[in-house]
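Here are my notes for you on this chain. Have a look at the structure first, then read on with it open beside you.

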Amino acid sequence: MKNKTLFILFLVLLGIWGLSQMNSDKRNHSFKTDLIAIDTALVTTINLYPKSDNQQEITLQKDNGSWIATQGSVTTKAKADAVKAVLDNIRLIKTKRVTAKKQEKWKDYEVEETSGSRVKVYAGSELLEDFIVGRFNFNQQTRRGLSFVRLTNENEVYAVDGSLSRTLGQGFEAFRNKEFLSLRPKYITQIQLSNVDNSTQTFSLKNGQWQKEGAAIDSTVMTTYLNGIQNLMGTSFADNLDETQLSQHFHKKISILANNVNEAIAITCYRDVPNSKQVYVLQSSQNKGTYFSSNGTDFFENLFTNLEGL
C-alpha cells in the first residue's frame, strides 16, 4: 500500500514537472516570430516619422499605380526605387528574440516615439501596422546587423535581422526625384539659348557639322558640351516658391531638340527668386513641378556657362 502511494505521488510530481516544462517552453517561445506580415499589394498609404527628420511626418500615397510623397507643404512624385525599398522591408519582419519587456528599456533601444522612426501602414482607412524602428547594431565579427523594433501599443522590444532604420528612418529627400536632365547626345539636333534681354543663340547640327548662328564651330567642342549635360542631377531643392511670380524673375532658358523626343526639352533659369536659398532657381521639363537652387556652379555651369563659352 505504501509503495502504491509513493508511486501515485511520483506520477503526480512527474505530471506537475511536465506541465511546468511545457509552460516554460511556451513562455520561451511565446514571442512573435513573424512580427510584421503585410500583403503590400493592399497598401495605399504609409506614414513615416523618421528620426533623421526629427519625426516630421512623411506621407507616401499610392495614386494610380505610382506613389506621391508629401512632407509639410511639399508634394512630389516619389522615387519608385525608394518606395519599393520601404515596401520590401515591411513585407515580412521576422524576430530573432525579445530583448526587453519593460517600458524603462525603450530608451536603451531607441524605440520611443521621440527617439525612433515610427511607421504606420494603411490599406485605405484600415491601419494594418503601427511600429517603431530603433537602434541599429552592427557586429564586426559576424558582419551582420540587428535592428530593434517595438509595436507601438506594446511594451516588448524585438531584435530583427537587417538595417531597417536605414530604410525606414531615412528623411524626405530620399523619396524625392533629383533627376534634372537625361538625354542622348547623338540624337540632339538643336540647342537654343534665350536670355532675359530677348537675345538668342542657336546651335544647330547640319549634315554632321555643328553651327552657331549658321557659322561652323568645332564639333568636338560641342560634343564635349553635350556629354557634360547628358545626365544631370539637382543637388538642392528650392521649395515654397510662389510659382505665379516666377516669370518676373526669368533669367535664361535652354531649349533642346532631339530626334528621339516629340517635344523640346526646356531648361528654365530664374534669378533672385524670393525664398530661394541661392541666386538661381532652375527647372527642367523632364521633372516638372520640381525646382532646384544653384549658386552658379554645379549643373548651372554645365548648362549655361559652358554653352555661352562656345
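Which backbone oxygen lies 3.5 Å from a polar atom of the side chain of glutamine 71? Keep that in mind until point 2.

1. A word on ground rules. This is a predicted model, where local features need pLDDT of at least 70 and side-chain atom pairs count only at pLDDT 80 or more, while totals for chains, interfaces and linings use all residues. Residues are numbered from 1 along each chain as its sequence is written, and side-chain values use heavy atoms, with hydrogens and water left out.

2. Back to the question: the oxygen belongs to the backbone of glutamine 56. The side chain of glutamine 71 also makes a polar contact with the side chain of aspartate 53, at 3.0 Å (a pair of N or O atoms within 3.5 Å; within protein, one must be able to donate a hydrogen and the other to accept it, and residues adjacent in sequence count only if both atoms are side-chain atoms).

3. Where does glutamine 71 sit? Look in strand β4, residues 66-71 (strands are DSSP runs of E, at least two residues; helices are runs of H or I, at least four; both are numbered from the N terminus). Glutamine 71 counts as buried because its relative accessibility is 12% (buried means under 20% relative accessible area, exposed over 50%, partly exposed in between, with a 1.4 Å probe and protein chains only). Leaving aside neighbours within four places in sequence, its contacts include Ile58 and Phe172 (heavy atoms within 4.5 Å).

4. Now try helix α2, residues 80-91. Ala82, Val83, Val86, Leu87 and Ile90 are buried in α2. These five cover an arc of only 135° around the axis, which puts them on the same side of α2 (the arc is that of the directions from the helix axis to the C-beta atoms). On the other side, Ala80, Asp81 and Lys84 are exposed.

5. Next, the sheet. It is open, with 9 strands in the order β15-β14-β13-β12-β18-β19-β20-β21-β17 and antiparallel pairing (two strands pair if DSSP finds at least two bridges between them). β15 and β17 stand at the edges with a single partner strand each, so one side of each is left without a neighbour in the sheet. Between β20 and β21 there are 3 bridges, and tyrosine 280 stands opposite serine 294 in β21.
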